[in-house]
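Here is a short tour for anyone who likes to check contacts and cut-offs against the coordinates. Please keep the viewer open as you read.

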Amino acid sequence: MSDNKTHADHGAHSAEHFREKHLMLDPLPRGQMNDMVMESMLEKPTWKFWIIFAFLSVVVAYFLFYKWGVLIAKGQGEAGVMRPDYWGIFLVNTVFWIGISHAGTFISAILRVFKAEFRRPFTRAAELMTTFGLVQAGFSIFMHLGRVWLFYWLMPYPNQRMLWPNLHSPLTWDLLAITTYLLSSTMYLFLPLIPDMAMARDRSTGWRKNFYRILALGFRGTEGEWTHLRNAMNIFAFAIIPVMFSVHTIVSWDFAAATRPGWSSTIFGPYFIVGALHSGMGAAAIVLAVIQGTMKHMKYFVRGEHFDAIGKLMLIISMAWAYFFFNDYMVQWYGGDKWTQQMLHFHEAGPLGWMWFAMLICNIAIPWAILWNARWRATPWLIATVGIAINIGMWFERYIIIPISVTINRMPFTWRLYQPGIEVPMGIGTVALFILLYMAASKLIPLIPVWEVQEGQMAHELKKFGRETVVSVSELE
Amino acid sequence: MTESKVVDLLAVFPDLEPAANAIEHLRALGVHDECMNVISGIPVTEAMLGRPHQWTNVPRIAMGGALLGFGGGFFLAFISPYLYPYPVQVSTQAFIPGPPTVVVLFELTMLGMLISTFVGVFLDSFFPNYRPMKYVPEISDGKIAILVECPNADERKLRMP
């Protein structure tokens, strides 16, 4: 009898433990979850929020738009680009922001295809990163264009002399790939948002009701609407993955298609993709930690298990990045080309050699030192710190690949150390705009896809196998 | 001459099970599946409620868009080089080189497919649609509603518990 009681107590304790740990096993009534998400969105912003918002607005206005005006008025001489470093921080930032944008698709599409259940509460937060990251990438490449008002010359249509853009050029492929990715990731963000917009429409008043009513498009949740939506989301989940891979591969070809020391590499495509996922997952960890720490009720939706899962992905991706880095390094080092040897030596022992070592510390040493431990992985501030380190490391990687590598070419009389000018404040402006857009979105868009969370909770249950209690998931689709 | 009357009812249920039972009950009363529609706050599959398979045109529209995109890519990659007033030769590449053509075809095919998938949801769901429709906000709180739009049905029978 007492034995039975002990087992029953143990079972109850174990079920309670599972509920605390796993969002999918801790269901709340849908109405209550809706209320929580709406409250987190409609909660009156604190004075701290407004101070940060005002500060970032000033940074964006001055560093991004005013400085951009100066660049347009005075010309590209304001930037530090000069022979041989024609590609500077603008392109570093372009590659960096496209990298950040990869996490959204990775989390949302790949994890959806593989039915990774932990993805459910934070797919939207990641998809927003994709869209806002691509906006910054677009701005950065426009800054690099110089005469930005002539950007339409890249469009595939004939100009006054009946000349079409050269579709043999990786830069034209960039336009096609980035446009495809920006449009498709924005549509992929919007589709699963429609049911949540309908939920927000049903629970809001005033201008917000009209706003959500327009964006909900008249969604009621009929069988037909769900079927069309589910089909479309499945098509998107599968189709957007090769688009995501193609974008960063094509970005890598901007470099790899040139026969320069350090750039002409067959491995640049996958190396860039892994680098993009590395910085993107790091950024997702930062965003998630901020959301959980600052928004009301988010501790219910975002738990240690989610940070733990992201941490595991970050660790695996860090290992993959180390493998690709070493592979790229080894082949170049072994090749013995005089100029490539000079460039590798310049990376490690040149005036910016500290950046090369910092890159390795941030991208490999810090993640490996921290992310092996399950308890540390589940600690939001710690994993966010690793995310910051990785993003610093990945920015350094792009800086080393672009302006530092461009310095060493086959004409030593042109060698010159790149010294950035107006690019630095403008780059800071893009970071501020990214955060600003995210802050605004957190007050306008339900950051948690409630219907996806509820769907997941319906599919999960605890099952007993002998004396062991385990989590069981049913496939509802 | 009898007057045709359309019965228009919306019944709200707290959960899947009672909604599935109600559908069976309605069928027993002679209400056809075409006259019923289920409205829910999460995607409830047809199998869960014993409803017939839902038809969707989204995959076909997506395929059509992919073909259109491929056509656009084909035009840019294969036709546009011939529209120049003089031929543009890039290095030692063929006039219509293989690998760059693959890139252009791939990107435009995917763009066509994804845009048409998105548009397909709008077309198939008649979005945007802001006309007043039978709906109760409790649906987004997890309730399941059954909408019956049935001509010539006995409303009193349908209203029975």
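## A buried pair in chain A

A:Arg112 and A:Glu452 are both buried, a term that stands for under 20% relative accessible area, with exposed meaning over 50% and partly exposed the range in between (1.4 Å probe, protein chains only). The two residues form a salt bridge whose closest N and O atoms are 3.2 Å apart; a salt bridge here is a side-chain nitrogen of Lys or Arg within 4 Å of a carboxyl oxygen of Asp or Glu. This pair links distant parts of the chain, with A:Arg112 in helix α4 of chain A and A:Glu452 in helix α18 (residues 450-459), 340 residues apart. Helices (H or I, at least four residues) and strands (E, at least two) are DSSP runs, numbered from the N terminus.

A word on conventions: this is a predicted model, in which local features need pLDDT of at least 70 and side-chain atom pairs count only at pLDDT 80 or more, while totals for chains, interfaces and linings use all residues. Residues are numbered from 1 along each chain as its sequence is written, chains are lettered from A and ligands numbered from 1 in the order in which they are written, and side-chain values use heavy atoms, leaving out hydrogens and water.

## Other salt bridges of chain A

Over all chains, the count comes to 18 salt bridges. One of them joins A:Arg416 and A:Asp85 at 3.1 Å, N to O. A:Arg416 sits in the loop between α16 (380-407) and α17 of chain A, and A:Asp85 in the loop between α3 (47-74) and α4 (89-113), 331 residues apart. A:Arg416 counts as partly exposed because its relative accessibility is 22%, whereas A:Asp85, at 0%, counts as buried.

A:Lys312 is partly exposed at 41% relative accessibility, and A:Asp308 is buried at 17%.

## A threonine in helix α17

Is A:Thr430 buried or exposed? This residue of helix α17 (residues 423-442) of chain A counts as buried, since its relative accessibility is 1%. Leaving aside neighbours within four places in sequence, A:Thr430 is in contact (heavy atoms within 4.5 Å) with A:Leu64, A:Trp97, A:Gln136, A:Ser140 and A:Met143.

## Where chains A and B meet

The contact between the chains takes 61 residues from chain B and 57 residues from chain A. About 5200 Å² is buried between them, 69% of it from carbon and sulfur atoms; buried area is the accessible area (1.4 Å probe) that two parts lose on being put together, summed over both. In chain B, B:Pro43, B:Leu114 and B:Tyr130 lose the most area to chain A, together 13% of what that side buries.

Two salt bridges are counted between chain B and chain A. B:Arg51 pairs with A:Glu223 in a salt bridge, with the closest N and O atoms 2.7 Å apart. These two residues belong to a salt-bridge network that links A:Glu223, B:Arg27, B:Asp33 and B:Arg51.

## The domains of chain B

Chain B is divided into domain 1 (6-55 + 133-159) and domain 2 (58-125), with bounds that come from an automatic or database domain assignment. Taken over C-alpha atoms, the centres of these two domains are separated by 44 Å.
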